[in-house]
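Keep the structure open as you read.

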Amino acid sequence: MADKNESGSESESQEETVVGNLQKFAVTPPGYTGKPKKGHLVFNAYFESGNLGRVDYISDIEYDLFIRPDTYSPRFRVWFYFTVENVKADQRVVFNIVNFSKTKSLYRDGMSPVVMSTSRPKWVRIPAKQVYYYRCPDHRKNYVLSVTFMFDKEDDVYHFAYCYPYDYTRLQNYLDAVERKNYNFFKRELLCLTVQERRVDILTITHPRNVPKNDQEKKKVIFITARIHPGETPSSFVCQGVIDFLVSSHPIAKSLREHLIFRIVPMLNPDGVYLGNYRCSLMGFDLNRHWQEPSPWAQPALYATKNLLMSYDQDNNIDLDFYIDIHAHSTLMSGFMYGNTYDDVSRCERQAIFPKLLCQNAEDFSIQNTNFNRDAMKAGTGRRTLGGILDENSYCYTLEVSFYSYTPANSSTLQPIPYTEDAYQKLGRNVVRTFIDYYKSTGYIPTKPSSGLTPSDELNSRSLTSKNR
Ligand SMILES: [Zn+2]
């Protein structure tokens, strides 16, 4: 949604000045000429997924920072990612990020940006007590995020971001590494190229005998996509957790590969990710509002993904059981799902099973936040569009995970636990575990004593026949 400031001429004229990323930009006091001295901070966002459009000097310790709006879509200004160098030891600063396009934010609830530096290359959240999020009279009553920070090592380059970065190159390196293991159950293919000719990868994870042949029995397909919204980096960590577990030697993974075909598109919007956008593609499209009629040239990843899903839907040898699109949520806590509502009551009930099972496996998954709707605002989303056209036995969900934290279901304290990179990946692993629970509950996957599953599950195995093996 556009906020009110965007209609004001003052706001527009300010935004016009924020068009590209800062490139090694030294901020010096007004009137200062000559080479920047130590302590004159140098800001840079001229790198993959970088985003910082402008910095204003306020005082020696205070700086106003402007997010660079999404390409061709200035109303989205949320993701930021930049570096600071040329610092002095023990230099204290206040950074005010002054042009957020969203007012509701988890920053109100204790979320804080992440930081790392050359000598401490692991991203951590800045302590919440150093972060303030408030409506600021100095900035046309915009919400402003103020962060106090002390640089401690002169030679370090400090990196700051909205949330843990996960860029296109990282995904490519990760997929290269999995590919090098030469698993016979893992295949990586090119689904299409983006407008800027980046790879949109599609993975197939299944036992080699499951590759569909025309005369075979029906195969079940689970289709997972992530990162249609480029700023939603937790989506990639969850997706990597899914892939890591599915290619592992864990008995659950082996059993799932034997019985199911997983197809995964881990990054639907590589251009947006590369450019450091929050919501949109290179051309300014919020791709998750264009599933109804994707353009082959402007939205090639959507076009190809939808075509593939539709071909599965029409293939008599394939049951497309699940379509799950992974996102991150900027205002709600925990992991949760969005599903569709249908007039058919039994279809609604069947659709509610997977989230309930996931809730049993993942302490960070909230059934309270899980919601089934037909909100008109979400009509062009993958979940809504595909839910309306796929076979009634296909379940379509959006899996959301908070940018910030979760409250464990069974904990005595209500203290939120901030997500780490690993906690996001763990949610992905728990999604995979839930497929085995689901298919055991339907009787499609047998329970073998050797599979390491719980004894109660063996009850379900009695309904099995050998034809599924
Ligand atoms: Zn999203």
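A residue counts as buried if 20 or more other C-beta atoms lie within 10 Å of its own, as exposed if 12 or fewer do, and as partly exposed in between. Apply that to Glu 197. It has 8 other C-beta atoms within 10 Å, so Glu 197 is exposed. Its place is in the loop between strand E12 (186-193) and strand E13. Glu 197 also has a positive phi of about 65°, although it is not a glycine.

Is Ser 49 buried or exposed? Ser 49 counts as buried because it has 23 C-beta neighbours inside 10 Å.

The model is predicted. The protein averages a pLDDT of 90, and 91% of the residues score at least 70. Over residues 1-16 the pLDDT is below 50; this stretch has twelve contacts in the model beyond near neighbours in sequence. Residues 450-469 also have a pLDDT below 50, with 18 contacts beyond near neighbours in sequence. Where pLDDT is low, the predicted coordinates should not be read in detail.

Next, the domains. The domain assignment gives domain 1 (9-161) and domain 2 (168-468). Their centres, taken over C-alpha atoms, are separated by 34 Å. Across the boundary, 21 residues of domain 1 are in contact with 21 residues of domain 2. What kinds of residues does domain 1 bring to the side that touches domain 2? By class, that side has seven nonpolar, eight polar and six charged residues.

The largest nonpolar core has 119 residues. Those with the most contacts inside this core are Phe 80, Ile 97, Ile 224, Val 242 and Leu 246. Helix H10 (residues 421-441) supplies the largest share, nine residues. Both domains take part: the core draws at least three residues from each of domain 1 and domain 2. In soluble globular proteins, nonpolar side chains tend to be buried together.

Not counting residues up to four places away in sequence, Leu 246 touches Ile 205, Ala 253, Leu 256, Phe 262 and Val 432.

Helix H4 (residues 251-259) widens that view. Its buried residues are Ile 252, Ala 253, Ser 255, Leu 256, Arg 257 and His 259. Which elements cover them? The cover includes strand E13 (199-205), helix H3 (234-246), strand E15 (260-265) and H10.

UniProt, in an unreviewed entry, places the feature "active site" at Glu 400. Glu 400 lies in E19 (residues 395-402). With 26 other C-beta atoms within 10 Å, Glu 400 is buried. What does Glu 400 contact beyond its neighbours within four places in sequence? The partners are His 327, Ala 328, His 329, Gly 335, Phe 336, Met 337 and Tyr 338.

Asn 371 is in strand E18 (residues 371-373). Asn 371 is partly exposed, because 16 other C-beta atoms lie within 10 Å. Asn 371 and Thr 398 are 27 residues apart along the chain, and their C-alpha atoms are separated by 10.0 Å.

Finish at Lys 88. Its place is in the loop between strand E5 (81-85) and strand E6 (91-97). Lys 88 has 14 other C-beta atoms within 10 Å, so it is partly exposed. Setting aside residues up to four places away in sequence, Lys 88 touches Lys 38, Gly 39 and Glu 154. The C-alpha atoms of Lys 88 and Leu 41 are separated by 8.9 Å, with the two residues 47 residues apart along the chain.

Note on methods: Residues are numbered from 1 along each chain as its sequence is written. This is a predicted model: local features need pLDDT of at least 70, side-chain atom pairs count only at pLDDT 80 or more; totals for chains, interfaces and linings use all residues. pLDDT is the predictor's confidence in each residue, from 0 to 100. Two residues are in contact if their C-beta atoms, placed from the backbone, lie within 7 Å. A nonpolar core is a set of buried Ala, Val, Leu, Ile, Met, Phe, Trp, Tyr and Cys residues joined through C-beta atoms within 7 Å. Helices (H or I, at least four residues) and strands (E, at least two) are DSSP runs, numbered from the N terminus. Domain bounds come from an automatic or database domain assignment. UniProt positions are given in the numbering used here, feature names are shortened, and annotations may be inferred rather than shown by experiment. Ala, Val, Leu, Ile, Met, Phe, Trp, Tyr, Cys and Pro count as nonpolar, Asp, Glu, Lys and Arg as charged, and the others, Gly among them, as polar.
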